[in-house]
Amino acid sequence: MLKDVTDRIKCFMNTMFHSNKKLVAPSILSADFSRLGEEVKAMEQAGADRLHIDVMDGHFVPNLTIGVPVIKSLKKITKLPLDVHLMVNEPESMISSFASVGADSITVHLESTKDTGKVLEQIRYTNVQAGLTLKPETPVEKLFPFLHQLDLVLIMTVEPGFGGQSLLPEAVAKISQVRKELDRQSLTVPIHVDGGVNDETLPLLSSADVLVSGHFIFKHQSYKEAISILKTQ
Ligand code: DX5
Ligand code: ZN
């Protein structure tokens, strides 16, 4: 009986959480890297809630981006939480480095490690929030055994590797599938959605809590307007 009431309260809290405005996390992959500090400051002033940082190793995905020294520099100039999205093979070898330079969350791919549970433990052990994500073709059920170990779930709606791609509509259903499973397990974990998020795809993403968006925000003439469009629709 008590459990039933507790579950209902948790469900109600989840509903309240969803009805709030969405948080927006610009993905700096689409920033002008020759002026990265200014770009980050501009995002802060434009109302960004968090920063999404795509780390790629040229192996797990066919692209190579930034790493620990850049995050260390960004940490000095912004108060925004830094969400590090690791698209690398064997992320376990890098967790302590990213934690030591101030990552606020580290998200790893299910497909990138042989022992997902252990990597998540490792992330939390460093006092960093743990996130888990998966490629669009990976079945969503593979996330379910790890939900209780997570501080965020990241649903990828494009193939990881590049900014500016079109959202894959078939990946969108995973957001509500994860939401349903979180409710079933009585867990409150924010769901981030990443890839092809813009003013046109926004109506598909009502079940997400945090919108990661690169191309749409950084290519918009007004960062502030772009962020407020994502927050208010
Ligand atoms: C893709 C990255 C995304 C990307 C999103 O591998 O994980 O974070 O930067 O960018 P847009 O919003 O341009 O699809
Ligand atoms: Zn990303």
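Six donors count as octahedral if opposite donors are over 155 degrees apart and all others between 65 and 115, where donors are N, O and S atoms within 2.8 Å of the metal (3.2 Å for Na, K and Ca) and water is not among the atoms, so sites may look incomplete. The structure is a predicted model in which local features need pLDDT of at least 70 and side-chain atom pairs count only at pLDDT 80 or more, while totals for chains, interfaces and linings use all residues. Residues are numbered from 1 along each chain as its sequence is written, chains are lettered from A and ligands numbered from 1 in the order in which they are written, and side-chain values use heavy atoms, with hydrogens and water left out.

**Exercise 1. The metal site**

Identify the protein donors of the zinc ion (ligand 2) and state the geometry of its site.

Step 1. The protein supplies His 52 through NE2, Asp 54 through OD, His 85 through ND1 and Asp 194 through OD, and these lie 2.1 to 2.3 Å from the zinc ion (ligand 2).

Step 2. The site has six donor atoms, and with angles of 71 to 172° among them it is octahedral.

Step 3. Along the chain the donors of the zinc ion follow the spacing H-x1-D-x30-H-x108-D. Within this set, Asp 54 in strand S2 (residues 51–56) and His 85 in strand S3 (residues 82–87) link distant parts of the chain, 31 residues apart; strands are DSSP runs of E with at least two residues, helices are runs of H or I with at least four, and both are numbered from the N terminus.

Step 4. Asp 54 and His 85 are both buried, a word that stands for under 20% relative accessible area, with exposed meaning over 50% and partly exposed in between (1.4 Å probe, protein chains only).

**Exercise 2. The surroundings of ligand 1**

Describe which polar atoms of Asp 54, His 85 and Gly 196 approach ligand 1, and how much of its area the protein covers.

Step 1. Ligand 1 is surrounded by 19 residues, the closest being Ser 27, Asp 54, Gly 164, Asp 194 and Gly 214, where a residue is counted if one of its heavy atoms lies within 4 Å.

Step 2. Polar contacts are pairs of N or O atoms within 3.5 Å. A polar side-chain atom of Asp 54 lies 2.8 Å from an oxygen atom of ligand 1, a side-chain N or O atom of His 85 is 3.3 Å from an oxygen atom of the ligand, and a polar backbone atom of Gly 196 is 2.8 Å from an oxygen atom of ligand 1.

Step 3. Of the 380 Å² of accessible area that ligand 1 has on its own, the protein covers 99%, the areas coming from the Shrake-Rupley method with a 1.4 Å probe.

**Exercise 3. Salt bridges**

Locate the partners of the salt bridge between Arg 179 and Asp 209, and then that between Lys 231 and Asp 49.

Step 1. A salt bridge requires a side-chain nitrogen of Lys or Arg within 4 Å of a carboxyl oxygen of Asp or Glu, and by this rule the count comes to 10.

Step 2. The side chains of Arg 179 and Asp 209 meet at 3.0 Å, N to O. The pair joins helix H6 to the loop between strand S7 (191–194) and strand S8 (210–213), 30 residues apart. Arg 179 is buried because its relative accessible area is 9%, and Asp 209 is buried because its value is 6%.

Step 3. Lys 231 and Asp 49 have their closest N and O atoms 3.1 Å apart. Lys 231 lies in helix H8 (residues 223–232) and Asp 49 in the loop between helix H2 (36–45) and S2, so the pair ties together parts that are 182 residues apart in sequence.

Conventions. Four donors count as tetrahedral if all angles lie between 85 and 135 degrees; four count as square planar and six as octahedral if opposite donors are over 155 degrees apart and all others between 65 and 115; anything else is irregular. A polar contact is a pair of N or O atoms within 3.5 Å; within protein, one must be able to donate a hydrogen and the other to accept it, and residues adjacent in sequence count only if both atoms are side-chain atoms.
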